[in-house]
Amino acid sequence: MGQGQSNEEGPHLTTAQVSHELALRFAKRCFTPLELYSFQDVFKSLADHQDSIAYLKEDTIARFLEIPDILGASSIIFQMISYLGAFPFGQDAPVVLGFEQMIMVVVIMTLRYQQVLKKGNRDRTKLLFRSLAVYDRGESHDDEGDPETNEETHKDVGASAARSHVAGFTVDVAANDEEEEDDDDLALAALESLDAIEVFRHGDAPITQASIPSDNLKKLIMLLLLIAPLGTQESLARHAERLSGDQLESLRRTADNILGAFVNVEKFPGVKIHQFNTVIPISLPFMFNGFNALFEHFLFSKNIDFTKRRDSTPLPPPDPTMDQPLLPQIGEILDLNVLSQLSFFMPGDALFRRLRLLYSGGDAGFSMGSFETKVFNWRAPTILLVSGNRISEPPTGGQERAFSDTLPPKRFIDSSKSSHVVFGSYLSQPWRQTHKECIGDTDTLLFQLEPVHEVFHASTINKDYVSFTKSPTSHAGIAFGSPHPKSKPTAGLPPHVSLGVVSLMLDSSFEFGVFTHNYTSGGGAFHNSQSRKSDWQDRFEIESLEVWGCGGDKEQEEQRQRWEWEEREAEARRKVNLGTGDIEADRALLEMAGLIGGNRSGGSMN
């Protein structure tokens with residue numbers, strides 16, 4: 001009887017009732033009692049009131065979260081949370097940010113919704129896209145002043161887009177958006193959890209008509225770079241030095257490189273859902289992680305004295321690592337903004353306050369010997385970064401020509417118009433000299449940071465991940481994604497370096513490098529780009545080369561001990577040369593080795 005009554009009343013549930021029930025469930029299962037009490041106190045202290053309705057305003061939220069005015073991101077954040085507050089009914093957005101709406105915002109921004117809804121980051125990615133997007137209500141509004149352009153666009157949007165941008169940046173083509181599903185899986189999961197799926201209605205405009213303005217996305221990326229290292233309850237004001245002078249310019253430049261992963265801003269004004277869903281899982285899976293710590297500020301009230309506790313349990317001591325610098329020293333390539341960029345596709349807890357500069361070509365010298373001395377004894381993962389300037393084609397200088405002569409004839413275009421490039425790799429295994437087989441595993445990454453951000457993950461088709469070869473090996477140097485060079489030169493070897501399908505190669509003198517993306521062939525040690533579906537190659541003169549060790553004091557101490565052990569071994573080998581001046585000691589050593597004494601004659605010791 002009770003079940004029948006429930007089914008009869010179910011269809012009469014309103015969206016307000018469903019939202020209320022979902023907010024209650026989120027509050028109960030996603031917050032601890034103390035967090036919920038703190039959240040209530042924070043909301044009460046921040047709220048404005050009108051007609052007995054308590055709500056939060058844009059400037060109030062921006063001030064509370066300490067979002068810097070210079071970034072111009074406050075309105076973008078407010079747009080996002082005004083949409084997320086309407087969850088699971090996005091068609092009702094924007095909403096007034098009352099208490100229940102802010103519960104929705106915090107559980108989504110901090111990923112706590114996963115304690116109730118068993119959905120992953122991809123589902124939140126689509127939700128975040130909608131929260132940032134504007135709707136065209138027609139694909140050609142930007143061109144409505146030009147009737148001819150309108151007519152052409154209506155005939156073939158995809159073909160027009162393909163013709164209008166630099167070759168190879170096919171993620172820009174809007175035609176792929178038709179493949180995206182309109183249903184918001186996260187919203188559907190929320191309604192299913194309440195047995196209220198019948199109240200779901202498709203009021204949103206089709207997602208294919210939505211795009212994120214490029215300028216808005218750049219401002220958001222700048223904020224995300226800034227908040228990436230935030231710890232729990234850490235004030236954003238602590239990072240204010242990154243918002244002035246050269247650091248601000250570096251922040252803008254880094255944001256431009258990341259924006260380039262989504263769209264060619266010279267040709268397209270916004271980012272479509274297909275681009276968003278293609279780029280983020282592969283190249284920027286952790287880009288939104290900074291929101292976790294930022295929005296957890298709502299769960300900690302400064303009005304509550306946490307030192308006054310009913311029990312005698314002492315509070316945990318403050319984390320001493322929070323007072324350590326994010327980066328112990330600034331490199332020629334790696335600064336705080338590039339560090340945040342790395343954290344968009346590598347876990348931040350392995351990067352912030354955890355990197356040590358092992359090798360810098362500018363300090364130790366651009367040689368494989370210096371590289372080996374500085375890097376080989378580090379027993380933890382490493383990050384290699386190389387920057388340079390593209391060399392002209394055909395090359396003009398003698399050294400450039402000599403390097404080009406070792407490569408196959410150039411058949412591919414440059415990756416972009418920008419002359420400056422930055423590439424890198426992540427290697428989880430210790431470095432060593434390779435002789436026949438490469439090192440590395442499926443965790444190995446190859447990536448580009450400038451001028452376009454992109455990550456190339458390891459495949460399992462072959463294992464030509466990383467090689468480190470020295471003379472007399474043919475074409476010695478460091479290579480990622482290329483077949484291992486032959487152990488020694490022979491008459492039958494080809495005169496050119498064998499470059500992998502997706503590969504980075506640095507010559508043995510660390511003067512030049514080449515990055516190849518052979519999309520046509522495919523099947524290399526690293527996966528092809530999913531956004532730049534074309535063949536391209538960058539040949540460049542190396543400007544800076546760095547290797548950073550991932551680890552802390554423990555790893556550094558292990559490296560020091562290995563250095564000391566190697567020095568002792570080297571000293572011992574130097575003494576076993578029968579030239580120490582101690583004839584009796586040398587004779588005793590040879591007798592122990594069985595080389596003299598007994599029936600053996602060791603010859604004269606004089």
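## Terms and ground rules

Here, "buried" means under 20% relative accessible area, "exposed" means over 50%, and "partly exposed" is anything in between, using a 1.4 Å probe and protein chains only. Helices (H or I, at least four residues) and strands (E, at least two) are DSSP runs, numbered from the N terminus.

What you're looking at is a predicted model, where local features need pLDDT of at least 70, side-chain atom pairs count only at pLDDT 80 or more, and totals for chains, interfaces and linings use all residues. Residues are numbered from 1 along each chain as its sequence is written, and side-chain values use heavy atoms, with hydrogens and water left out.

## Positive phi

Most residues other than glycine have a negative phi, and most peptide bonds are trans. Now for some spots that go the other way.

Take Ser52: its phi is positive, near 65 degrees. Ser52 sits in the loop linking strand 1 (48-50) to strand 2 (53-55), and it's exposed, with a relative accessible area of 76%.

Leu111 also has a positive phi, near 65 degrees. You'll find Leu111 in the loop between helix 6 (99-109) and helix 7 (121-132). Leu111 is buried, at a relative accessible area of 16%.

## Cis peptide bonds

Next, look at Glu393 and Pro394, which are joined by a cis peptide bond with omega about 0 degrees. Pro394 belongs to the loop that runs between strand 7 (382-390) and helix 18 (398-405).

Another cis peptide bond links Glu450 to Pro451, with omega about 5 degrees. Pro451 falls in the loop between strand 9 (445-450) and strand 10 (454-457).
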